[in-house]
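Good morning, and thank you for making time for this presentation. I would ask you to keep the sequence and the structure in view while I speak.

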Amino acid sequence: MKNLLSVLSPALLALTLLLPPGLQAEEPAPTETAERLPRVVILATGGTIAGAGAGAANSATYQAAKVPVEQLLANVPQLPALAEVRGEQVFQIASESFGNEQLLALGRRVAELAENPEVDGIVITHGTDTLEETAYFLTLVERTDKPIVLVGSMRPGTALSADGPLNLYNAVAVAGNLQSRGKGVLVTLNDEIHSGRDVSKALNIRTDAFQSPWGPLGMVVEGKSYWFRLPAKRHTLNSEFDIRQIASLPRVDIAYAYGNLDDTAYRAFAGAGARAIVHAGNGSVAAALVQALQALRQQGLQIIRSSRADRGGFVLRNAEQPDDKYDWVVAHDLNPQKARILAMVALTRTQDSRELQRIFWEY
């Protein structure tokens, strides 16, 4: 048998060479290389995630905005397994100092990066005090379906059990995930994925500080995203607002309601040039205050009723107050600080209270 094969092999080889090229056996194709890693840009703005304490036991006493973005990335050496990451220091401030100018500058930089075909996702490190406000602002004004993920921490990186490194790892994982596209601006802390529209800081000392009244969108476990619901309100690509068309933001203030409240704060805000005042009560307005707010509305100031309840305040139009009669606006389920953000953005487009109310229903 062996002799037979040795005789036939040269003949078979000769016959193979005579076959048309399309029928000849082809060399096996080289193994396909793995798909490229997503390209994620990290914009650093400061905050606790860039903070440093005097010692490892200091988890609540520290200085925010001390660690540069290069060190933040170096503290998470696992990031290159998730994405091609590069960092950019936009600001280095504690987020309580985040003002309208910072919102606009950050929004414009995010828009530039979103237009870059070499960028697949954007992560923004941010202090937690105003993180929810920045997240909602970007939700309204960024015209992209690329993932934009805000992340912070409740403990500085120098503390025992610092939460920043894992939060940042999760944020990069979410920003580089194709399934994150089109879901609006996201916030990742404590292994949860939240909508930038819904999430708020409900606690100021624990790592589960950020919560959404309607629940998170999903979870991140070992770098993998698991999704459970989608945002229902208009955002990003479906928004009528565009950061590239906003040169400045009008002044909008919040007046916090409490027992024995008078109109001092409202008059002061009006005198300082406010275009709208968010009344942060529980939907209701004290009887002694109604006349003053009516007078301010007649002067052109928008009055927006919101709820200070931190677990999902809900303000119905014409329920606690006759909003149609007074020409006031209700904030729906937005808390006072998010109502302020939406009012500022909306007032760049319209001064009509009926249009403002439509916007509050839709966003």
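This is a predicted model: local features need pLDDT of at least 70, side-chain atom pairs count only at pLDDT 80 or more; totals for chains, interfaces and linings use all residues.

**Sheet, helices and charged pairs**

Helix α3 lies across β1, β2, β3 and β4 (148-151), and α3 runs at about 165° to β2.

Helix α4, residues 131-141, lies across β3, β4 and β5 (185-189), and the angle between α4 and β4 is about 170°.

Let me turn to the sheet itself. It is an open sheet of eight strands with mixed pairing, and the order is β2-β1-β3-β4-β5-β6-β9-β10. At the edges are β2 (84-93) and β10, each of which pairs on one side only. From one strand to the next, the twist averages 25°. Within this sheet, β1 and β2 run parallel and are joined by seven bridges. If you look for Gly 46, you will find that Ile 93 in β2 stands opposite.

I now come to the charged pairs. In general terms, side chains of opposite charge can pair when their charged atoms come close.

My opening example is the salt bridge between the side chains of Arg 39 and Glu 118, with an N to O distance of 2.7 Å. Arg 39 belongs to strand β1 (residues 39-46), whereas Glu 118 sits in the loop between α3 (100-115) and β3 (121-125); the pair therefore ties together parts that are 79 residues apart in sequence. Are these two partners buried or exposed? Arg 39 counts as buried because its relative accessibility is 17%, under the 20% cut-off. Glu 118, at 49% relative accessibility, counts as partly exposed.

The next example is the salt bridge between Arg 229 and Asp 198, whose closest N and O atoms are 3.2 Å apart. Where do these residues lie? Arg 229 is in the loop between β10 (224-227) and β11 (252-256), and Asp 198 is in the loop between β6 (192-195) and β7 (200-201), so this pair ties together parts that are 31 residues apart in sequence. Asp 198 is buried, at a relative accessible area of 11%, while Arg 229 counts as partly exposed at 24% relative accessibility.

Which residues of α10 are buried? They are Ser 353, Leu 356, Gln 357, Ile 359 and Phe 360. Viewed down the helix axis, the buried residues of α10 fall within an arc of 160°, and therefore they line one face of the helix. Among the elements that cover them are α7 (287-298), β13 (302-307), β14 (329-330) and α9 (336-347). At the start of α10, a side-chain oxygen of Asp 352 comes to within 2.9 Å of the backbone nitrogen of Arg 354.

Finally, I wish to consider two loop residues. Asp 242 is located in the loop between β10 and β11 and, at 11% relative accessibility, counts as buried. A polar atom of the Asp 242 side chain lies 2.9 Å from the backbone nitrogen of Arg 244. Setting aside residues up to four places away in sequence, Asp 242 touches Val 141 and Arg 143.

The other loop residue is Thr 144, in the loop between α4 and β4. With a relative accessible area of 7%, Thr 144 is buried. A polar atom of its side chain lies 3.0 Å from the backbone nitrogen of Lys 146. Beyond its neighbours within four places in sequence, Thr 144 is in contact with Ala 114, Thr 236 and Leu 237.

That concludes my presentation; thank you for your attention.

How values were computed: Residues are numbered from 1 along each chain as its sequence is written. Side-chain values use heavy atoms; hydrogens and water are left out. A salt bridge is a side-chain nitrogen of Lys or Arg within 4 Å of a carboxyl oxygen of Asp or Glu. Helices (H or I, at least four residues) and strands (E, at least two) are DSSP runs, numbered from the N terminus. Buried means under 20% relative accessible area, exposed over 50%, partly exposed in between (1.4 Å probe, protein chains only). Two strands pair if DSSP finds at least two bridges between them. Axes are lines fitted to C-alpha atoms, for helices over the stretch in contact, and angles run from 0 to 180 degrees between N-to-C directions. Contact means heavy atoms within 4.5 Å. The arc is that of the directions from the helix axis to the C-beta atoms. A polar contact is a pair of N or O atoms within 3.5 Å; within protein, one must be able to donate a hydrogen and the other to accept it, and residues adjacent in sequence count only if both atoms are side-chain atoms.
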